[in-house]
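Thanks for coming, everyone. I will walk through a few places, one after another.

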Amino acid sequence: MKKGSFKWMKSLNRTIILNKIRTEGPISRATIAKQTKLTPPTVSNLVNELIASGLVIESEQGESVGGRKPTMLIIDQTHYHIIGLDIGTKMIRAVLVDLSGSIIEKLEAPIPLSISKDSLLKLIENTITKLIHLHQDKELIGIGIGMHGVVDIETGISVYAPGLNLHEIPLKDELEERFDLHVKVDNDVRAMAFGEYWFSNGKNHDNMAVLNIGRGVGAGIILNGKLFHGEHDLAGEIGHMTIDIHGKPCSCGSYGCWETLISGPAIGREAQQLLEQGQHTILKTMAAKDGGNIDGKLVYEAALAGDQLAVEILEKTGVYIGIGLTNLIHILNPTKIIIGGGVAQAKAFILPKIKETIASKALTKQARDTEIFCSKQGVFATANGAAALVLGEIFEGEFSLGSE
């Protein structure tokens, strides 16, 4: 075997063992060898390397099957730490997590209404520096970034951040030079999707979709346990799927996009239009106390207060979400769909209608039974998912720790 082939095979075997420990630990060396068909000496040597790297530790003794009790292996979740950043249109959210995804610290930094590339990079650097100073005893191995807009995942450049009206922000190069840490950059919705898959709800579901419904609408798609980007990183722009060719104009220049029917601003516009038509609602009084502005959040609050018009608007939104998700199910046939973002906070009103619509429109019983639920991750879901992007590279052998 050529030297390069041997190194590749060793790296592959190491990845197989590491993930076996991650997903099934505590697990013994003998069980790993049996389940992976690797030889016991190979397993033993690679496990020793993983222990030396600080990724794996020995835990309690397992049950004996006739001889000496085996030593069990688990991931050392507290040795290394990762910073995850969610760079949105109004806020930077940052987390420091361990290898299990548990949040050790979280911070928020508002983004000014008008900001330059250099000022944004400085704000990002200051946020990271603050996290580092708060936990100087923690060993960092990387920084993950979920950036809104269009991202070049190969170069780590934010190609276009529409909410900030900024182009060509060299996130990866600038931050790697500043902090001497590996940096992974991806779109914010894809980061959120990967976090859902890696840490919690996506466990044992290698084909799933995560829908983010807020000011805009996007999706992160997991296929065979991997993020799906498409040929030119455009996969997931599902908010611009046309639902009504005679519908309202969209920011993309088209008409009747899904986003014009289910986003937070769309909910607010629907309420405002009905209010102007003289519909009976408490929204007018509520809006007067809030500067006259009606947005999706206000509609949700009115629905919680029992306003029938607000309830009807959200239920109608649930129907439109269900129509779009039926299309998604017919195209991708995922095991599970998770809905996140601000609109998901109204799950009590939208989720029953989403499921009802899918049940009436999906082609098969299996499609109709697709699991649909709202995320439990909260506002730091994307930041946590950004940290998971780095973890995914480590556990898949795409990025090695310097000490290994």
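Two strands pair if DSSP finds at least two bridges between them. Helices (H or I, at least four residues) and strands (E, at least two) are DSSP runs, numbered from the N terminus. Now the ground rules. This is a predicted model, where local features need pLDDT of at least 70 and side-chain atom pairs count only at pLDDT 80 or more, while totals for chains, interfaces and linings use all residues. Residues are numbered from 1 along each chain as its sequence is written, and side-chain values use heavy atoms, with hydrogens and water left out.

Let's begin with strand 4. Which sense does its pairing with strand 5 take? Antiparallel, over seven bridges. The two strands form a hairpin, with three residues between them.

Tyr80 is bridged to Glu139 in strand 7. His81 has a partner there too, Leu140.

How covered is strand 4? Eight of its eight residues are buried, where buried means under 20% relative accessible area, exposed means over 50%, and partly exposed is in between (1.4 Å probe, protein chains only). In a regular strand the side chains alternate between the two faces of the sheet. Look at strand 4 with that in mind. Tyr80, Ile82, Gly84 and Asp86 point one way, His81, Ile83, Leu85 and Ile87 point the other way, and all are buried.

Move on to strand 7. Eight of its nine residues are buried, so strand 7 is largely enclosed by the rest of the structure. Strand 7 also pairs with strand 11 (residues 182–187), in the parallel sense, over six bridges. There, Ile143 is bridged to Val183.

Next, helix 4, residues 117–134. Its 18 residues reach 26 Å from the first C-alpha to the last, close to the 26 Å expected. The expected span is 1.5 Å times one less than the number of residues. Its buried residues include Leu120, Leu123, Ile124, Thr127 and Leu131. What covers the buried residues of helix 4? The cover includes strands 4, 5, 6, 7 and 10, and helix 5. Contact here means heavy atoms within 4.5 Å.

Compare helix 14, residues 381–395. 15 of its 15 residues are buried, so helix 14 is largely enclosed by the rest of the structure. Just after helix 14, Gly397 takes a positive phi of about 75 degrees.

Three bridges join strand 8 to strand 9. Among the bridged residues, Val151 has Ser158 as its partner in strand 9.

Stay there for the backbone. Most residues other than glycine have a negative phi, and most peptide bonds are trans. Asn165 has a positive phi of about 55 degrees. Asn165 lies in the loop between strand 9 and strand 10, and is exposed at 53% relative accessibility. Glu168 lies in strand 10. Its phi is also positive, about 50 degrees, and Glu168 is partly exposed at 43%. Elsewhere, a cis peptide bond joins Gly25 and Pro26, with omega at about 5 degrees. Pro26 is in the loop between helix 1 and strand 1.

Last stop, the rings. Rings of Phe, Tyr and Trp (its six-membered ring) pair if their centres lie within 6.5 Å; planes under 30 degrees apart count as stacked, over 60 as edge-to-face and the rest as tilted. That gives four aromatic pairs. Tyr300 and Phe349 are edge-to-face, 6.3 Å centre to centre, with 75 degrees between the planes. Tyr300 is in helix 10 and Phe349 in helix 12, so this pair ties together parts 49 residues apart in sequence. Tyr300 is partly exposed at 23%, whereas Phe349 is buried at 15%. Ring pairs also link Phe194, Tyr197, Trp198 and Phe395 into a cluster.
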